[in-house]
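This report sets out the architecture of the structure shown below.

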Amino acid sequence: MAKLTGVLIGCGAIAREHLSVLADVEKIDVIAVCDISPARAEAAAERFGIARFYSGHRSLLADIRPDLVHITTPPSSHFPIATDCLAAGLNVFCEKPVTVRYEEFCALKKLAREKNCMLVENQQNRFHSSVRRIQELVRSGELGDVLEVQVCLSLNIMGAGSPYVDQNAPHFGMTLSGGVIGDFLPHIAYLAYMFTGKITDVHTGWAKFRSGSPLLADEFRGMLKGERCTAYVSFSGNAQPDGFLIRVAGTRMRVETNLFEPPRLIVKRARSGEPALGTLIDGIAESRQVLVGSVTGFLRKLGGTSSYDGLKEMILKTYSAIELREPQPIPLDEIDEVAQLVDRLASQELS
Amino acid sequence: MKVLISGAGGFLGRAVVACLLERGHSVRAIVRPSSQRPPWPDTVDVIRADLRVQEDLTSAFDGIDAVLHLAAATSGSEDTQFSSTVVATERFLEAMARSTVRRLLHVSSLVVYDWSKAESCMDEETPLENNPYTMGGYAIAKVWQERVVSRFAKEHSWDLTIARPGFIWGHDHADIAGMGRKFGRVYLLFGPLTRLPLSHVANCADCLVAAVENPAASGETFNIIDGDDIRVWRYAREYARRTGQRGFFLPVPYRVGLGVAQLAALTSRTLFGSKGKLPSLLTPRRFESQFKPIRFSNRRVRQVLNWKPRKSFDECLELSFPHVQYDGALRSFES
């Protein structure tokens, strides 16, 4: 059976994660890479044993018709590159956010529909093993009715040497609504959306904790009302240590996880009987989770497993959908809903 | 001679500018926009630019006789180092290609060699590293930077000199990788009698300027080291004494350290296949590149440029630790 083929446009840090995933998959061949820096393109090709490399995406598209184009460039270049790919009738797997402005996303969506092509945004954390376990608890009814979800990301973007506050070479996130926080809003938005469903109301607060930085804001909070439940979302560029916390509260259970740590859930169930005994049982269960998660995480690190849990699953599902001629793994309308939410969250940034 | 120098605000760059001025050359210095202007005289023409993003650098080459390319990152993620070192070099040399300047001296590093193939002595004939991707971000970036420079020079028929310094050290930059690793109060010295390829920043700058001045350097590649007579034990002892650091030296024979790294690598391969990841100390090839007990030759630079280090090791120590008095620290292993 013929192998599926992919190409990457953009050979920076995130591209290396894609290439590492693809290098492990027998049925997929990466046949070319492209970067505006010829050396970076050639280095990626040499490192991953890829036959062809380009420094212009149009040259690549003129030579090759892959099954899927991975766009892993900075966000401001996504729109022109994705437009060229879709216009050529090629499926696109694009890093988040797909576009800097929502109107551009709409144009791409229209083009994808016209050309009958996939336009997939990388929403890898939907496929994170911990998130999938939470979803399973919701689906099975164990968690009860979902009342609230909290998605709280803390990342030290303000530290010395951080590329986010590099005053010599402004970070690509500075081109986004929401500044560099805008680079993280898609992750926050799609994780909240998974539980809330369509958003009906949004309230946000932006703040600048450190006055000396080039950023307009380094703290963000948001309250969302969705058709299924409410959500509290936040980003902190100052709170330490780093963490990506998801907490889902239901009528029977509260469950939380940290996506930056080895996959594990902390589960608190509503119990009848002696409260002290319940606390003991929960404590033992939690200790076991922490121990297993820590050992697993250490072994994963030694084993070179990507810290981007969920990326492999998402990429494989996309290729599989192409092979089986099935719908894309995340419906385009859902990607649209998330893009609209990101737009609403970012539109109230400090000015 | 009017010299354009990239990375002029860095540790080596500042020493090179001082040396150029001392020898009567005029200097155009590229420094990053956000960094402070070093205490240079007004005669130094300062251009504020970040080579990664500067739109057009062509005018920086106007009226220039020779270019000294020092810009590179020495820390940061693999991607950050590649951008700051390799992509920045591509942009810088694209601008040079639009100018009439033909003389280029590029500062590379000994990390571009394949240390596993260095037998008893490392010199300019030692094979280059062809698979740098397991060697860490700095090695990847420096290998690729040299490839880019060599290709540009060949394509545009430039007069290229490649200089590969060893461990560049000096004031506030004396903690070199070859010295070992500190864990709490214990300093592990891997191969205490191993020779260090040291290049004091003042001597290194002097050699680079000598190479710019001397037409015989065109087309040559030099390793720049002061000599290889200083061994790990002595350097570490001087470092600890002069910085007043407290702790214990624990000498570990090189073969023992390498054996542990090889055992760790074998275990990793057995358990995880080729994707296993280990810290640099437990990666045999990276361990070798920091601690391999070989000799280091500077014969070629001595022959072609008739150069020798201006300052002895003892003079360099005085320059590098000018105000620190021995306060009795480390007495535990001095006695």
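How many residues does the contact take from chain A and from chain B? In this predicted model, chain A contributes 16 residues and chain B contributes 22 residues. On the side of chain A that touches chain B, the elements giving two or more residues are H2 and helix H8 (275-302) of chain A. The most is given by H2(A), with 4 residues. By class, this side of chain A comprises 6 nonpolar, 7 polar and 3 charged residues.

**Domains of chain A**

Chain A falls into domain 1 (4-121) and domain 2 (126-309). The centres of domain 1 and domain 2 of chain A, taken over C-alpha atoms, are 28 Å apart. Between these domains, 9 residues of domain 1 of chain A make contact with 7 residues of domain 2 of chain A. The side of domain 1 of chain A that touches domain 2 of chain A has 5 nonpolar, 2 polar and 2 charged residues.

**The sheet and its helices**

Chain A contains an open sheet of 6 strands in the order E3-E2-E1-E4-E5-E6, with parallel pairing. Strand E3 (52-54) and strand E6 (119-121) of chain A form the edges; each has a single partner strand, so one side of each lacks a neighbour in the sheet. On average, neighbouring strands of this sheet are turned by 25 degrees against each other, direction ignored. Within the sheet, strand E4 (residues 68-71) and strand E5 (residues 91-94) of chain A run parallel and are joined by 4 bridges. Val69(A) has Val92(A) in E5(A) as its bridge partner.

| Helix of chain A | Strands touched | Angle between directions |
|---|---|---|
| H1 (residues 13-23) | E1 (4-9), E2 (28-34) and E4 of chain A | about 165 degrees with E1(A) |
| H2 (residues 38-48) | E2 and E3 of chain A | about 155 degrees with E2(A) |

**Helix H4**

Helix H4 (residues 78-87) of chain A has as its buried residues His78(A), Phe79(A), Ile81(A), Ala82(A), Cys85(A) and Leu86(A). Viewed down the axis of H4(A), these buried residues fall within an arc of 165 degrees and therefore line one face of the helix. Their cover includes the strands E1, E4, E5 and E6 of chain A, together with helix H3 (57-63) and helix H5 (102-115) of chain A. Just after H4(A), Gly89(A) adopts a positive phi of about 80 degrees.

Key:
Residues are numbered from 1 along each chain as its sequence is written. Chains are lettered from A and ligands numbered from 1 in the order in which they are written. This is a predicted model: local features need pLDDT of at least 70, side-chain atom pairs count only at pLDDT 80 or more; totals for chains, interfaces and linings use all residues. Two strands pair if DSSP finds at least two bridges between them. Axes are lines fitted to C-alpha atoms, for helices over the stretch in contact, and angles run from 0 to 180 degrees between N-to-C directions. Two residues are in contact if their C-beta atoms, placed from the backbone, lie within 7 Å. Ala, Val, Leu, Ile, Met, Phe, Trp, Tyr, Cys and Pro count as nonpolar, Asp, Glu, Lys and Arg as charged, and the others, Gly among them, as polar. Domain bounds come from an automatic or database domain assignment. A residue is buried if 20 or more other C-beta atoms lie within 10 Å of its own, exposed if 12 or fewer, and partly exposed in between; C-beta atoms are placed from the backbone. The arc is that of the directions from the helix axis to the C-beta atoms.
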